[in-house]
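Work through the exercises below with the sequence and the structure side by side. Try each task before reading its solution.

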Amino acid sequence: MPIITQLPTNQTITSAQFAWLGRLAEASTPQETASLIVQCVVDESCCDTAFVSWRVESTDEQKIEPYTLLSPEEQRLIDAVVEHSQRSSTLDGSQIALPLFQGSPAVLVVSLTLDPAIDTQAQTEKLLDKVGALLQLAGQHMKRALASLDLQVAIADLERSERLQRALFAISDLAGSDHDMNDVLKGIHTIVGTLMYAENFFIVLHNTERDSIRFVYWADVKDSSPDPGIEIPMNSRVHSLTWYLLHDRKTLMGNKDQLQAQVSGPLKMIGTLAKDILSVPLLRDGLVLGAIVVQSYRDDISFSTDDRTLLEFVGSNILVALERKQGMEDLETRVQLRTMELADANRGLQQEIIERQRAERLHVALFHIAQLATADISQSELYSRVHTEVSELINAENFYIALLSKDGTTLEFPLSVDSSGEKFETRKIGRGLSEYVLNHGKVNFRSEDIYALEAAGEIDLNTVGIPPSSWMGVPLSVGEQTIGLVAAQTYGESAVYTQADQELLVFVTSQIANTLHRRLAAESLQKANAELELRVQDRTQALLEEISERERIQEQLKHEVMHDALTGLPNRGYILDRLTRVLAQLKRDTTDHCALLYLDIDRFKVINDSLGHLAGDEVLKEVARRLLLCVREPDVVARLSGDEFAVLLVDVKTPSTAIRVAQRIIDTLRKPLNVAGKEINPTASVGVAIIDDRYNLADEALRDADLALYRAKKVGRNRFELFDETLQKNAVNVLAIESELRSALQYDQFEPYFQPIIHLSTGETVGYEALIRWNHPGRGVIGPFDFLRIAEDNGSIEDIDWHMFELSCLAMTKLANKNTYLTINCSPLHFRRTDFDTRLLELLQLTGLSNTRLVTEVTEGSLLDDTERVCATLDRLRLVGVGAALDDFGTGYSSLSYLHKFPLRILKIDRSFVNELNSTNNSSVTVVAAILAMASALGLDVIAEGIETPEQHRTLVGMGCGFGQGYFLGRPNPMQHWLNLEK
């Protein structure tokens with residue numbers, strides 16, 4: 001379709017069109033102009049329908065003529081024309097949209113009835129030929145009408161802005177006026193009413209700290225006003241319109257259904273239901289501080305988006321005005337309160353000045369009276385000055401001080417001043433006013449009070465003298481003891497004591513009592529000092545004697561603490577202290593050496609057990625005496641504990657010196673000794689450590705000497721051993737292995753290896769011996785000789801054994817040959833347990849290994865440990881099928897009696913005899929032959945251990961030995977090795 005930017009102008013105008021143009025000239029609004037354009041196009045062309053659409057940009061409102069809804073296709077046609085100022089049509093040409101003028105927001109849309117026989121473009125051009133000139137004129141009219149409308153809208157916007165500005169100024173003036181808050185709120189309501197419909201209007205404020213609301217202003221034609229002074233908790237208005245305003249923090253507008261769609265939950269309306277509601281929250285820094293609400297009960301009045309925008313804008317200014325007015329009222333209130341406080345403070349200040357002046361006089365008087373306690377004056381001068389000080393505070397024209405005698409029976413008057421000339425003499429305790437004070441405490445009486453007391457029988461005026469018009473008295477007290485009183489009195493009605501006078505007298509009396517007490521105490525102290533000096537001299541002499549005795553006792557205690565009570569030798573603490581001092585000397589002079597000998601008595605426990613502890617004590621004392629004979633000054637002999645002794649050789653030039661002393665001690669101690677009627681020959685084992693500047697602590701020296709002693713006892717006793725670093729390394733290795741053994745058991749590092757037991761004649765495997773191996777993470781596989789002895793010493797052997805028993809039994813159940821048996825090595829410790837057999841049978845049941853397939857291997861030492869218990873345990877196991885084998889036979893006692901007594905099934909010949917079968921040593925052959933004959937007689941099977949050569953194998957077969965094991969027959973291997981061979 002060609003683009004047409006200007007309508008053709010060659011049409012002829014008819015009389016009807018002139019009439020139409022006349023009416024068009026009279027049209028003043030876009031609606032009237034659009035209606036005439038539509039009428040002309042429909043009358044003059046062949047179209048079915050037409051309408052004009054225009055947009056007033058200032059109000060963003062689109063109008064069409066006639067007033068119908070646009071279809072999407074029509075809207076696209078109009079948008080294309082407005083955007084490009086050119087004609088547009090649908091694809092089929094049934095609708096054409098034309099701009100009424102250049103850059104026009106007004107568009108004419110024509111609907112055509114197309115003739116299929118005529119080209120669409122031709123029909124369109126025909127239409128333009130008929131109405132083109134008319135549309136040019138109509139477009140100019142439409143342009144003027146739209147311009148007039150824009151001007152009217154702009155004027156309306158200006159008027160609305162002016163009204164809004166006047167309203168904001170009015171609200172600001174209200175906030176700064178002298179009107180009270182209620183009048184300000186009414187004025188705000190009136191101002192809002194000039195901007196929109198606001199007959200029903202209320203303001204609510206929100207207290208964010210207490211989460212409560214208060215309806216500070218309410219105007220409603222339907223509902224009554226809430227009390228503006230009452231705070232309503234928000235939790236009582238959950239899901240109400242006000243609750244959603246404060247909770248969701250957004251404006252809400254519309255009827256109930258529309259409001260329900262805008263809130264975040266169920267809506268609960270309170271009060272009469274309005275037709276339309278506009279609610280605006282009052283926000284400050286993201287907090288909702290209140291809300292303004294207007295509502296309409298009329299069907300003909302509802303709120304527009306302009307009202308919403310207007311009220312939101314006015315609302316922020318109303319919040320500022322309310323805060324400003326509230327701030328002014330709060331300030332006025334604070335000013336009033338502060339003015340009242342200042343007035344009260346002024347009155348209080350005057351009274352405070354008076355009180356301070358009186359307090360100052362009181363402090364001066366108290367200070368002067370306190371000074372009198374140490375003043376070098378007489379007693380009469382003391383009381384005179386006290387009266388002078390009291391006179392500065394109160395009327396003391398008639399004043400006296402009375403003191404109780406020590407026995408409390410009389411009153412003495414060291415000071416009395418009276419204008420009437422009355423004399424106060426010492427008198428017995430009676431029923432006067434003074435006695436009343438002593439019994440009841442401080443008083444302040446008028447004359448009528450005094451007569452009332454007499455009438456009640458409380459006092460006797462005969463002891464009073466001239467009755468005073470005002471009388472007050474205060475007890476003189478030191479601690480909880482009353483020693484007297486102070487009294488003042490007046491004659492005549494004009495002079496009356498007040499409560500303040502009494503309080504001053506109380507303060508003064510307290511200081512007088514302290515002064516008198518201190519003065520009397522000072523006099524007593526002077527007397528006591530003289531007596532004390534004499535007692536101090538006597539006591540000093542006694543203390544000197546006591547100190548001497550204590551020093552003697554301390555020396556004795558020190559000796560007892562640092563020496564052994566039995567032998568009188570220095571003890572462990574003494575020698576450690578001495579050794580520490582020697583080590584310090586060695587650090588200063590590195591060329592010096594000393595030696596420490598650590599020794600104990602061999603088999604001392606046998607002496608105690610056989611001869612008794614008293615005899616043992618005698619042996620220890622004799623050993624101590626002999627040790628002292630073996631050393632010289634300044635060497636030290638000490639008893640460490642039990643039968644352990646230490647000898648410190650202070651000056652040792654060479655190790656040979658220490659060795660000679662050690663040998664001398666051994667030779668001296670083994671001389672015969674008569675104890676408890678018995679002659680004994682005690683021996684000792686000695687460990688020697690040479691001490692030099694490498695040692696830092698005394699304990700290190702004792703440790704090394706003890707290691708050497710342990711070595712001496714291990715290699716045979718009655719000898720000495722000299723410490724070297726190898727001993728310490730071995731000890732450290734033992735400690736390391738002990739620690740690693742605990743980890744090995746915890747992390748399952750032990751594994752059973754199985755060595756086959758072979759029938760020597762047939763070569764058949766009849767059983768396996770379970771041998772422990774340690775899969776050490778750093779050293780690889782370790783055999784039992786490297787750790788079993790340590791495990792026995794530290795007590796972990798039993799746990800390791802039971803772990804191995806379980807693994808071995810489980811492994812045996814995997815063998816296809818169920819005729820083989822398993823031998824396990826049992827430590828003597830197991831047979832000391834009364835439940836060993838029970839626990840072993842429970843293990844067999846748990847693992848599923850038959851009782852008859854298990855044989856326990858025991859040593860000769862196990863049989864001798866507790867013969868009766870071991871025999872009973874083995875017998876109970878035999879009855880249920882578990883056999884017993886005697887291991888290493890021939891190396892121990894080899895007693896025929898226990899072979900006959902114990903329920904054994906197998907004898908195992910020790911490898912030492914088998915090893916000799918390779919040589920010409922006929923004695924080994926004889927021993928083996930004897931063992932075989934003896935076993936045959938007793939019905940026992942024999943297993944030869946350690947068969948490592950073919951010659952040993954042939955010899956044993958020739959001698960009639962039935963079974964054997966050794967490297968020649970099969971090395972120990974994990975069970976998986978033997979399972980693979982079975983396959």
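**Exercise 1. State how many helices and strands the protein chain has, and what share of its residues is buried.**

Solution. Step 1: the protein chain has 28 helices and 33 strands. Helices (H or I, at least four residues) and strands (E, at least two) are DSSP runs, numbered from the N terminus. Step 2: 43% of the 983 residues count as buried; buried means under 20% relative accessible area, exposed over 50%, and partly exposed in between (1.4 Å probe, protein chains only). Step 3: among contacts with a separation of 6 or more, 62% come from residues 24 or more positions apart, where a contact means heavy atoms within 4.5 Å.

The model is predicted, so local features need pLDDT of at least 70 and side-chain atom pairs count only at pLDDT 80 or more, while totals for chains, interfaces and linings use all residues. Residues are numbered from 1 along each chain as its sequence is written, and side-chain values use heavy atoms, with hydrogens and water left out.

**Exercise 2. Describe how helix 15 packs against helix 16.**

Solution. Step 1: two packed helices are described by the angle between their axes and the distance between the axes. Axes are lines fitted to C-alpha atoms, for helices over the stretch in contact, and angles run from 0 to 180 degrees between N-to-C directions. Step 2: helix 15 (residues 613–629) and helix 16 (residues 655–669) have axes 10 Å apart, at an angle of about 140°. Step 3: helix 15 is therefore oblique to helix 16; angles under 35 degrees count as roughly parallel, over 145 as roughly antiparallel, 65 to 115 as roughly perpendicular and the rest as oblique. Step 4: from helix 15, Val 623, Arg 626 and Leu 627 meet Ile 665, Thr 668 and Leu 669 of helix 16. Step 5: the residues of this contact are four nonpolar, one polar and one charged. Ala, Val, Leu, Ile, Met, Phe, Trp, Tyr, Cys and Pro count as nonpolar, Asp, Glu, Lys and Arg as charged, and the others, Gly among them, as polar.

**Exercise 3. Describe how helix 13 packs against helix 17.**

Solution. Step 1: helix 13 (572–588) packs against helix 17 (residues 698–714) at about 110°, and the axes are 8 Å apart. Step 2: helix 13 and helix 17 are therefore roughly perpendicular to each other. Step 3: helix 13 contributes Arg 572, Leu 576, Leu 579, Thr 580 and Leu 583, and helix 17 contributes Ala 698, Asp 699, Ala 701 and Leu 702. Step 4: sorted by type, the contact has six nonpolar, one polar and two charged residues.

**Exercise 4. Which two residues does a cis peptide bond join?**

Solution. Step 1: the bond joins Glu 633 and Pro 634, with omega at about 0°. Step 2: Pro 634 is in the loop between helix 15 and strand 19 (636–641).

**Exercise 5. Locate Asp 211 and Arg 249, and give the phi of each.**

Solution. Step 1: Asp 211, not a glycine, has a positive phi of about 50°. Asp 211 sits in the loop between strand 6 (200–207) and strand 7 (212–219), and is partly exposed at 40% relative accessible area. Step 2: Arg 249, also not a glycine, has a positive phi of about 60°. Arg 249 lies between helix 6 (241–248) and strand 9 (252–254), in a loop, and is partly exposed at 47%.

**Exercise 6. Is Asp 564 buried or exposed?**

Solution. Step 1: Asp 564 has a relative accessible area of 16%, so Asp 564 is buried. Step 2: leaving out residues up to four places away in sequence, Asp 564 touches Leu 569, Pro 570, Asn 571 and Arg 639.
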